[in-house]
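These are my notebook entries on one structure. I set out what I looked up, entry by entry.

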Amino acid sequence: MKTLFVNRIHRVSIPIIITCLLVGVMLAGCAPAATPPAATDNTSAQGTAFPITPGTPRFKIATTTSLYDTGLWNYLEPMFEKKANVRLDIVYAGTGAALEYGRRGDVDALVVHDPEAEAQFIADGYGINKRSFAFNHFLIAGPVGDPAGIKGLTPEQAFKKIYDAGIADPSKVKFISRGDNSGTHSKEKLIWQAAGLKYADVEKSGPWYVEAGKGMGPCLLMASEQGAYILADISTFLAYKGKVNVAPLVEKGDLFLNVYDVIAINPDKIKTAKMLPTANTFINWLMSDDVQNIIATYGVAEYGKPLFNPLKGGGCTEPGCPKLEDYTVPVK
Amino acid sequence: MQEIWQALVQAVNLIVTLDPEVIQISLRSLYVSASSILIAALFCVPIGGLIHFHDFRGKRVVINVIQTFYSLPTVVVGLLVFLFISRSGPLGGLELLFTPAAIIIGQVILIMPVLTGMTIGALSGVDKSIRDTALSSGASNTQAMQAILFEARFAVVGALILGFGRAISEVGAALMLGGNIRGYTRVLTTAISLETQRGDIVLSLALGIILIGIAMVVSVITNILLQRY
């Protein structure tokens, strides 16, 4: 009996050993995944399985979801990796979350679009070397039938009308809010304020106001499903146009300007931020003609017009546009 | 509904054409979750054994606590680990956030309770007479334990597969700790979440089908090995 047990134990140990070997080989084979692949390896972004070349520094940025969801970063990422000889790690998050990553020192630079929150971030000492590199506009989209009758109004008037109609009959008129402290959410709050309403009241005024807590894309899909009104940036709207059943209803208004900024993390405040030179290269590169030209044409083939407008020669002349030096003077 | 059929076609297409990005993401998923389950097993199977083979005060309470943590939400694990490994957290100096290692840490914590609890359950499920028979036929205490472990092997491996399943299918910790960085920390579940966000339902479903395929292969191979011995 005793030997029988021992035998059985030995037999059971064989698969364990085999499994361990297999796993060992796998771990060894995959270990380089934890180390940075070669930046010179252009295909790495396209995804060779586990490119090996340890030592290439990783440069981490947090970017707003609208720039990510439209696929622009997929396009720019390998270019910058080649230029700066780093691995560019892109984390996408709403502006609120991106700023929080910045405050905690978890990223080296931010790409965001919320002027007020950015000003606070810089005033608190977390960010330096802010520059602008692209802009576009927001729009209000909604069901094709336009039950609240907002077509052609200003953003403020349209919001007031949606508010009144939503409270009167939530089954007909709904509004989807990002509700996630993103740049778009901040813009929405500004427009409510301009419409003469307190955001805290709007938020609690009834079932017509839907806080989604999701990114721009999912919110557009939700608005399409529910036949609701929504504030969206035009880039994401264009990228989703074929997938959603909502029409652009209000497209003009001073409040609709949407400027994308890039900010480096201040190493004087965040001791762990060691990549300021790379961050500066990154900021200057975004303002360079190379990138500005790409922005000017990105999306034209697919959507008929560019998703974003470059600031350089892009004709941003309306009130609220950044000053010339904010998108031309290189940072040091 | 047509999307489901399209997704099946696309999944097959992605596999047959060996789409490099999909292969890379799938291998990374497998690597991360297999590492998690192995690290967790290293701790949890012995701990489960210790708890099962020893009688102590409060044993039931310990087991209850372990079982309570079966329902640990992945996002909560993600958040807690995030606070520890964020650069301004206590382990910030290790610079683990937004790396594959961070996902592994999260998944290990996530599956530890399940693995420990299921090991205890597996050992409890072995007929008591086996231990008595072993002891009465002259086996030492250790040998009797080994006999019980051997008898419980199917259930223990079942627990390992369950833990692997929980690891490879979770998205909360992987998204929060890995950051879903393309070519670095993107795994199948975070890719699915992103493609859903982007509105590409067919690709999302196709990736889901591939994930299930990986789970199936892992479970079949494990069972074949187990049957053979």
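I began with a definition: axes are lines fitted to C-alpha atoms, for helices over the stretch in contact, and angles run from 0 to 180 degrees between N-to-C directions. I noted that this is a predicted model, in which local features need pLDDT of at least 70, side-chain atom pairs count only at pLDDT 80 or more, and totals for chains, interfaces and linings use all residues. Residues are numbered from 1 along each chain as its sequence is written, while chains are lettered from A and ligands numbered from 1 in the order in which they are written.

**Entry 1: confidence.** I recorded ipTM 0.83 and pTM 0.83 for the model.

**Entry 2: two helices of chain B.** How do helix 1 and helix 11 of chain B pack? I read an angle of about 60° between helix 1 (residues 2-16) and helix 11 (residues 201-228) of chain B, and their axes are 8 Å apart. The two helices are therefore oblique to each other; angles under 35 degrees count as roughly parallel, over 145 as roughly antiparallel, 65 to 115 as roughly perpendicular and the rest as oblique. I listed the residues that make the contact (C-beta atoms, placed from the backbone, within 7 Å): among them are L8(B) and A11(B) of helix 1 of chain B, and L205(B) and I209(B) of helix 11 of chain B.

**Entry 3: chain A overall.** I counted 14 helices and 10 strands in chain A; helices (H or I, at least four residues) and strands (E, at least two) are DSSP runs, numbered from the N terminus. Of the 332 residues in chain A, 45% are buried, that is, 20 or more other C-beta atoms lie within 10 Å of the residue's own; 12 or fewer means exposed, and in between partly exposed, with C-beta atoms placed from the backbone.

**Entry 4: strand 4 of chain A.** Why is strand 4 of chain A largely enclosed by the rest of the structure? I found that 13 of its 16 residues (127-142) are buried, so the strand is largely enclosed. I then looked up its partners, where pairing requires that DSSP finds at least two bridges between two strands.

- Strand 9 (residues 257-265) of chain A runs antiparallel to strand 4 of chain A, joined by 8 bridges; F135(A) has V259(A) as its bridge partner.
- Strand 7 (residues 229-233) of chain A is also antiparallel to strand 4 of chain A, with 4 bridges, and D233(A) partners F138(A).
- Strand 8 (residues 247-250) of chain A pairs with strand 4 of chain A in the antiparallel sense over 3 bridges; V250(A) stands opposite I140(A).

Key
Contact = placed C-beta atoms within 7 Å.
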